[in-house]
Amino acid sequence: MRSLRTDAERAEAAALVQDRQRWLTLRGLPVPARADIPALFREPHAELAGLFEDGLLLACMILQCDPDLGWGAGPCLFLGHIHTLPDCSDDTIRLITLWASDFAARLDLPHVRAEALARHPLDADPIARFLNHLTDMGWDLRGSGTGQTGERVARLELAAAHRPGLDSLVGCSVCEPQAAADGRSVA
């Protein structure tokens, strides 16, 4: 896991986001209504992180420290706009979960929070299957509501926990994200 700083890394992340959105659309799964999500990954001021394996970008996300989400109590590390390489989601999400929990603990933040697009009731497929998978990994479902992009989302929270030995599985060179003055400005 590392910070994405160069124009080339940001362009690679934007391309992954486009591929993932295309993959979701072809399967009839929801994608954000906002058409310019890939553009967020090209923004030079966005705090991006990417999960790589053997030089291949498997996932990317926008990191924020303690944004004003309008939900959840206390400070957090927020993982925004998480996108995984199509057909590589399960193990990738598991690695992101382990890394995020440890990274938040190293930043002395008690929680990791994220949002998953949820246009249907949370107990209806396909979101129910996905949310069950996340809760099996340790995420807590904190209901639903309006997310950073103004769309209905499932709100997710994960406890921070130091994970000694994780470096042998997931190396980390992610820079600490800056505290967000207004988390909604990234949306």
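**Pairing strands**

Strand S3 (residues 56–65) and strand S4 (residues 76–84) make an antiparallel pair over 6 bridges. Strands here are DSSP runs of E with at least two residues, helices are runs of H or I with at least four, and both are numbered from the N terminus; two strands pair if DSSP finds at least two bridges between them.

Before you start: this is a predicted model, where local features need pLDDT of at least 70 and side-chain atom pairs count only at pLDDT 80 or more, while totals for chains, interfaces and linings use all residues. Residues are numbered from 1 along each chain as its sequence is written, and side-chain values use heavy atoms, leaving out hydrogens and water.

**Exercise 1.** Find which residue in S4 stands opposite Leu 63, then work out the strand order of the sheet.

*Step 1.* Leu 63 faces Leu 79 in S4.

*Step 2.* The open sheet has 7 strands, in the order S1-S2-S3-S4-S5-S7-S6, with mixed pairing.

*Step 3.* S1 (2–3) and S6 (140–146) are at the edges with a single partner strand each, so one side of each has no neighbour in the sheet.

**Exercise 2.** Describe the aromatic pair of Trp 99 and Phe 103.

*Step 1.* Rings of Phe, Tyr and Trp (its six-membered ring) pair if their centres lie within 6.5 Å; planes under 30 degrees apart are stacked, over 60 edge-to-face, the rest tilted. That gives a count of 1 aromatic pair.

*Step 2.* Trp 99 and Phe 103 are stacked, at 4.9 Å centre to centre and 15° between the planes.

*Step 3.* Both sit in helix H3 (residues 89–106), 4 residues apart, about one turn of the helix.
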